[in-house]
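Please read the sequence and the model shown here side by side.

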Amino acid sequence: FGSTGLYVSGAQCTVLNNILLVYGGGIMYEQLGSVGLASDHNVFFATSVYIARDGGGQYYFSFDSYRSGSGLDTNSHFTDVSFISDSLGIHLEECEAQNRDLDGIPLAEVRVDYYGARRDSVKPFIGAVEGVRLPYNMFAAPFKASLPGMAFSIAAGRFDNSTTPGIAVSDYDNRQVFLFHNTGAGRTFSHTGTVFTGFRPVEVRFADFDGDNNLDLIVGGDTNSIGVFWGNGSGGFSSPTMVGTFGRVRSLEPVYFNGQHANTIWITEDNGFLPNAGFLGNLVNLGNRQLCHDITYRVQGISYVHDTIPSVMTALAVGDFDSTTSGNEIATLAFDFVPRFMITRPDEILFGTPCSSAGRLGFFNSHSQYAFPTASFLGFGSNIAVGDFDGDGDKDFITTGASENECVFLRNQGNATFVVDTISTTATRGVAALDYENDGDLDFVTINRTLDSLGVTIFLNDGAGHFTEKRNCHYPFASGWPNGIVAADFDLDGRKDIAIVSRTIGGHDSLFVLYNLGGLNATTGVADHPKSELPQGFSLLQNYPNPFNPSTRIEYTLSVESGVAIKVYNILGQEVATLVNEQQSGGRHVVEWNGRSTNGLAVSSGVYFYRIEARQLDGQFQYASVKKMVLMK
């Protein structure tokens, strides 16, 4: 503060791979008296009056003028750099580690960082701290496509019977649905067709509704009807079967209900009779593409009457939420004057012949309503994610919250009663569930307003429903205000990817497909080193068993007598346990980890990393490697 950041004088000095941060007055980089200085690949940040003074005494007030005037630091950067200090030492803050401007190049003169950790031989950090950097390449370069109109909904499915799922996107403005064929490993899509709906579509889903093993396209819209476009298996769709509804369609979900009918599509619809009156509708295929629609009923005296729900229901999920064999329940996000989460248990009843003038096929409702702080910011179906997030075998829910800066985690207690947790987020507009890093735990992703600046956020699950936020800070994979999200394995690499539709200010709509990289290329903050640089005779083997419970064995070999440290880290890069910290002879060694921390406490299920580092007896670095393991309780 108020002093010189770096003072270099004398002849033929070299300044490479440093971070200079100076706050207050003074000179950031004093070079007066230096001759033949070589300076490059540094990071500069200062609020100083003077950026630098060169060897001839020339002052520079800006980084650009310094670089052009002195001819130095042509590959350096002038930027603020955020650091944190924890048990791993001083290292880059997580978002900072994603900053591509800080990617450096290998330098023969600088093989280790300030703390003695070996720099990455392919893509090192431009500054002086390498060993505990936290790079987090969340997604590969996305596929992008412009859309002709506002897209409220997106669906994924193999509608052309290819090996990879394609995409359907609703076009509200032009009364159509856009179809995109997936090329798979090429990570590209092509627009292969357009389905003209005749109404403004707001919700699209794929389902094999007629049992011919071809996906059909179900479309609901801003009209009192729903359309089923029958798929031919080659990517084409026939003219639709249109069925009237009691109100505009807000959301829909195809399910197989109780084994009684080929398929049922549950629908939330509203404004059919009264303002803000909502209904749970059902569309049933009775066979031969004969469709029957009705809304649910309730008991009134000795009669059944239509079940009018005084709410707008904007998101819908269907499943066995009370862990019984009695059938599915329906979960909705509802809103009248307060946001509510509602569980409905429909029991099938039959009046005469279904869909005839003498009878209707109906469902009798019983409701459980909860005044949880849930809300639906998009107004349609991308606001509720379902799955066993806490590992207890019951289906839980994660929804957008009453505030856009939180999500609501509803932990199912096994009988459709819930314990409520809130998860802090940033301007969240929608959610989707996926196992991001393929560790067996269900994670979730949020799409944030706006995608340009806030991007997407991954919440990694430890297996017990405790989440760690991983932000997409420096890579704007998508742009605009998000309207919908769907998760699917679009490139068949075993990891679920995400597709997003959005709108920018000015009305430009886009489709983005973000390809999941798993985020595990050294995400733990534990430095790994390319195998080509490892001394012959050193090795670290994969633990066995993996996944494990309660203990696992780790085998490693040393070519010579060495000082050895083996430590276990969690996904945040925090040290959990030290397994070995001693001098050992060359040869094969085995160590066991019992799933407990250094202080003897049992750790939770999740992904962990074990790292070995070997040094010569004089302390000189020899070898390091890191591997992943999964504790599953």
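The text below goes through a sheet, a group of rings, some salt bridges and one further strand.

This is a predicted model, in which local features need pLDDT of at least 70 and side-chain atom pairs count only at pLDDT 80 or more, while totals for chains, interfaces and linings use all residues. Residues are numbered from 1 along each chain as its sequence is written, and side-chain values use heavy atoms, with hydrogens and water left out.

Begin with an open sheet of 4 strands, whose order is β1-β5-β9-β10 and whose pairing is mixed. Its edge strands, β1 (6-7) and β10 (59-60), each pair on one side only. Strands here are DSSP runs of E with at least two residues, numbered from the N terminus, and two of them pair if DSSP finds at least two bridges between them. Strand β9 (residues 50-53) pairs with β10 in the antiparallel sense, over 2 bridges. Across this pairing, Ala52 stands opposite Tyr60 in β10.

Rings of Phe, Tyr and Trp (its six-membered ring) pair if their centres lie within 6.5 Å; planes under 30 degrees apart count as stacked, over 60 as edge-to-face and the rest as tilted. The count by this rule is 27 aromatic pairs. For Tyr60 and Tyr66, the ring centres are 5.8 Å apart and the planes stand at 70°, so this pair is edge-to-face. Are these two residues buried or exposed? Both Tyr60 and Tyr66 are buried, where buried means under 20% relative accessible area, exposed over 50%, and partly exposed in between (1.4 Å probe, protein chains only). Ring pairs also link Tyr29, Phe44, Tyr60, Phe63, Tyr66 and Phe78 into a cluster.

Next come the charged side chains. A salt bridge is a side-chain nitrogen of Lys or Arg within 4 Å of a carboxyl oxygen of Asp or Glu, and the whole structure holds 20 of them. One joins Arg503 to Asp173, with the closest N and O atoms 3.2 Å apart. Asp173 is partly exposed, its relative accessible area being 37%. Salt bridges that share partners join Asp173, Arg503 and Asp509 into one network.

Another salt bridge is formed by Glu253 and Arg205, whose closest N and O atoms are 3.8 Å apart. Because Glu253 lies in strand β23 (residues 248-255) and Arg205 in strand β19 (residues 201-207), this pair ties together parts that are 48 residues apart in sequence. Glu253 is partly exposed, with a relative accessible area of 23%, whereas Arg205 is buried at 16%.

Strand β23 also holds Arg248, which is linked to Asp222 in the loop between β20 (216-221) and β21 (225-229), 26 residues apart. Arg248 counts as partly exposed at 21% relative accessibility, and Asp222 counts as partly exposed at 33%.

The last stop is strand β46 (residues 562-569), which is mostly covered, with 6 of its 8 residues buried. β46 runs antiparallel to strand β47 (residues 575-584), joined by 8 bridges; in β47, Thr578 is the bridge partner of Lys567. β46 also runs antiparallel to strand β49 (residues 606-615), joined by 7 bridges. Here Ile566 stands opposite Ile612 in β49.
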